Amino acid sequence: MTMTLQRDEARRIAIRAQRLDADRLDADRPQALVPLVEQLTFVQLDPTAAIAPSADLIAYTRLGSAYRPEHLQRATEQDRLLYEVKAMDDPLTPPFAMVRAASDLPLHLERMSHWPDSVPAWAQWLQANDAFRGDVLARLRAEGPLLSKDIPDTASVPWVSTGWTHNQNVTRLLELLQGRGEVAVAGRIGRQRTWDVAERVYPAGLEAVPEAEAKRLRDQRRLRALGIARPVQVGDAGEPARVEGSDLEWRVDPDAVGAAFAGRTALLSPFDRLIHDRVRTQELFGFEYLLEMYKPAAKRRWGYFALPILHGDRLIGKLDAAADRKAGLLRVNAVHEDEPFAAAERDAVDAEIAALAAWLGLDVAR
């Protein structure tokens, strides 16, 4: 039986699932980050720091000012409770870097063992460079962790691409071997990844969940993290649903339907999973958004790294701001109101801007 949802209920399901309602995790200790990542299934990494790196913004909006960027570094590089990967399993998004919970690794291991059989060109390139693979693994076992620039390029067949990865043989091999579970990101030096053999990074003794069961569980967990999603993202997980005013098919987490909702105001990363699926964002929130950092300045409507503004169960505007760390200022260039803000909305947004600046250790300059 297909469930019918009012649009405001669908929005609230999505917001609660992403931990953007009033119920926050305890952020008084670094370990609070790990259960958050387990709930969200991953946190996207992006180095753009116009305000703060995306992973830190995403964690801050859920955990509050007690969260510090060093919590992420500690969880990945010391405690090994999180691991970094360049994921290639989102049907809507090109490959991107993320952190996942190490406790989720068993759900990915069997699929990783066959990577990249589903992309014949990549599999053929790996096969043609089997000796190169052996050289890299031997070097890492002997000397790792290493930066990619410290690993000799002994490729027999160069990587061919029309993009920036053309002839980036070592980096492409490392990422493909990461996808296979043979190497792993051990840490970072600045923005550069260090690499090591996977057995020195991932927890020992993990047993792979058979892929058929693992896929079912991944779909369920992805739906729990999204609350409501299109089938292309979550398969048959949850229950079928219709949303008032939408002609699309949806799947909903039945445990999320009808729960109490207490909204708040939040300034979201452009890579936040609440808004990453632009189709869902338009259908449920009626919200138009595009990250404009790659556009010429004269063609931007909202700004280089505009933050979507969540208020209650609505997305109401975009914040165009940038951190000027040398001057000690969070420079607010504009607050774009999709519709004119009521006084309470304006006060709430101003309070969030002030809180964000305080977390960054900056003063607000308008």
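Arginine 218 and glutamate 211 form a salt bridge (a side-chain nitrogen of Lys or Arg within 4 Å of a carboxyl oxygen of Asp or Glu). Their closest N and O atoms are 2.8 Å apart. Arginine 218 is buried, at 8% relative accessible area. Glutamate 211 is partly exposed, at 22%. Here buried means under 20% relative accessible area, exposed means over 50%, and partly exposed lies in between, with a 1.4 Å probe and protein chains only.

This is a predicted model, in which local features need pLDDT of at least 70 and side-chain atom pairs count only at pLDDT 80 or more, while totals for chains, interfaces and linings use all residues. Residues are numbered from 1 along each chain as its sequence is written, and side-chain values use heavy atoms, with hydrogens and water left out.

A second salt bridge joins arginine 314 to glutamate 345, with 2.4 Å from N to O. Arginine 314 sits in strand S13 and glutamate 345 in helix H12 (residues 343-360), so this pair ties together parts that are 31 residues apart in sequence. Helices (H or I, at least four residues) and strands (E, at least two) are DSSP runs, numbered from the N terminus.

Some salt bridges share partners. Lys86, Arg172, Glu175 and Arg193 are joined in this way into one network.

Next comes a link across the sequence. Aspartate 313 pairs with arginine 11 in a salt bridge, and the closest N and O atoms lie 3.9 Å apart. Aspartate 313 is in the loop between strands S12 (307-311) and S13 (314-324), and arginine 11 is in helix H1 (residues 7-17), so the contact ties together parts that are 302 residues apart in sequence. Aspartate 313 is buried, at 11% relative accessibility. Arginine 11 is buried too, at 14%. The count of salt bridges comes to 28.

Now turn to helix H8 (residues 169-179). Eleven of its eleven residues are buried, so the helix is largely enclosed by the rest of the structure. Among these buried residues are Arg172 and Glu175, which also belong to the network with Lys86 and Arg193. What do the buried residues of H8 pack against? Their partners include three helices: H5 (109-113), H6 (120-128) and H7 (130-143). Strands S3 (82-87), S6 (183-189) and S7 (192-197) also pack against them. Contact here means heavy atoms within 4.5 Å. After H8 comes glycine 181, whose phi is positive, near 80°.
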